[in-house]
Amino acid sequence: MEILHVSAECYPVAKAGGLADVVGSLPKYQQELGHIAKVVMPMHRMSFLYKNEWEVVHKGWFRMGESSFDFTIIKEKQNKLGFDLYCVDIHGLLDREKIYGYDDDTERFLAFQVSVLEWLSKWNHQPDVVHVHDHHTALIPFMMKHCFAYRHLSQIPTILTIHNAQYQGWMGWDKATYLPAWDTWKWGLLEWDHTVNSLACGIKCADKVNTVSPGYMAELMQSANGLEHLISHESSKCSGILNGIDYSVWNPETDTYILDNYSVEDADSGKKLNKKKLCDDLQFDINLPLFVFIGRLVHEKAADLLPAVISSAFARFGPVFNFVVLGNGMKQVEEALDYLRNHWFDYYHSQIEYNEKFSHQLYAGADFLLMPSRVEPCGLNQMYSMRYGTVPMVRRTGGLNDTVIDFGEKEGYGICFNHASIDDVLHAMERALGLYRDKDQFFQIRERMMRINNSWENSASSYIALYQSIQK
Ligand code: ADP
């Protein structure tokens, strides 16, 4: 099969979160299964762009409202990612340093989607499936069916993967004029709750819709930031497929970001060396358990709880552990986390930034990884931490619930709790401190989780089965 993935992010080209990891790895595994997978994304101004060679494969133009735009499709020449990677360049609109966060994001991602369809219209053949990811690309199934210029693409099956239903790509009706001429009888497909809602439109128009874990799909039927009734109504075409992780990138045996490579056989000494490097750099006592949080400092991740959790934990348990936070997001949380350094500088470190290399070093050197998320569509961090022998401490929600078994249960290896509350996290930390003291059990759990296979192998085939089910 030939699959065209359309996404705003793709690791290692441009990453803001898990979407990039998925789009950078799933196509590689699909290729390995004997299929042709291609990715097209906006040409953000990222270092990957300058470090690699590109060729122009298409040039075109389109109208958006009163304006017209030229666009260029470039292709990475050496197949560095293991699949064909295409970027859309629209001068002044897409060639920016950040992926998101501009006032004209609506126009930017509309222009991106239109360019992809303009390009696809000129292919000499058609792909077997167009796979769109999240709201930035979710208008494509509608445009393929109801924009007059693209109706010849309407036979191509489409699938929408929801990586995060919190963000839906809302826009006022005035922006609907930016879409290429469309059948206005179909306005109801664009609409949800009196506004144009890109994600809702994708859910209505795509042939299949999936989320990145079965648990998250079940949750969305109950609560989906206003889309729960729509998702329940469309449930016959909805499913959940658990994300995998890219074993060629996330492998403690070969990871070039970490100080000492290790496998499950020598995890004890390997993790100790990585922990020592971290503790030396941060002037921490290596004998104390090291807790880490890695992620966006946003409400969904319950990052707002962290300052109170960390100070209460020091108050309740004393200085018997170290804690490192890596992340950025809400300003008040960033400031509160930085402020804590004044009090606990021998035991606590906050690094307010996005830092891929440091994240790998933390997965390798830490003992426990905390994820108190309020919402977690799949969560990749817990799977990375398991692969690196770091015990995940997770709230029972979405994909966390699907991937982590509490160590109190049969064959368990993680620490699970029910509520995104300070009390629940403190209780989980207390259990972690106890576990850390019981070295036999701690090592047994580490070995158990490192042997779990969370790679894409299974899920990549589930996607292929889904594509096959909608061939027309
Ligand atoms: P989400 O996509 O909701 O942010 P996921 O768990 O699916 O959450 O994926 C998060 C990804 O982003 C992981 O690869 C994680 O290591 C990475 N990440 C998040 N914040 C940072 C950061 N500050 N520095 C480095 N990597 C980060």
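This is a predicted model: local features need pLDDT of at least 70, side-chain atom pairs count only at pLDDT 80 or more; totals for chains, interfaces and linings use all residues.
Residues are numbered from 1 along each chain as its sequence is written, and side-chain values use heavy atoms, with hydrogens and water left out.

- Strand 9 and strand 10 (residues 195-197) run antiparallel and are joined by two bridges; for the record, two strands pair if DSSP finds at least two bridges between them.

- Ten bridges link strand 3 (residues 54-64) to strand 4 (residues 67-76) in the antiparallel sense.
- The hairpin of strand 3 and strand 4 has two residues between the strands, and G65 takes a positive phi near 60° there.
- Strand 4 also runs antiparallel to strand 5 (residues 84-89), with four bridges joining them.
- You can follow a row across these strands: E55 stands opposite K75 in strand 4, and K75 stands opposite Y86 in strand 5.

**Q113**

- Q113 sits in helix 3 (residues 105-121).
- Q113 counts as buried because its relative accessibility is 2%; buried means under 20% relative accessible area, exposed over 50%, and partly exposed in between, with a 1.4 Å probe and protein chains only.
- Leaving out residues up to four places away in sequence, Q113 touches H136, T137, A138, L139, I140 and M143 (contact means heavy atoms within 4.5 Å).
- A polar atom of the Q113 side chain lies 3.0 Å from the backbone oxygen of H136.
- The C-alpha atoms of Q113 and Y86 are 13 Å apart, with 27 residues separating the two along the chain.

**H349**

- H349 belongs to strand 15 (residues 348-351) and is buried, at 12% relative accessible area.
- The H349 side chain makes a 2.7 Å polar contact with the side chain of Q351. A polar contact is a pair of N or O atoms within 3.5 Å; within protein, one must be able to donate a hydrogen and the other to accept it, and residues adjacent in sequence count only if both atoms are side-chain atoms.
- Beyond residues up to four places away in sequence, H349 touches L282, F284, F323, V324, V325 and R341.

**Domains**

- The chain splits into domain 1 (2-244 + 457-468) and domain 2 (267-453), with bounds from an automatic or database domain assignment.
- Their C-alpha centres lie 33 Å apart, and 19 residues of domain 1 are in contact with 17 residues of domain 2.
- The two domains bury about 1,400 Å² between them, 52% of it on carbon and sulfur atoms (buried area is the accessible area, with a 1.4 Å probe, that two parts lose on being put together, summed over both).
- K15, E219 and L242 supply 25% of the area that domain 1 buries against domain 2, more than any other three residues.
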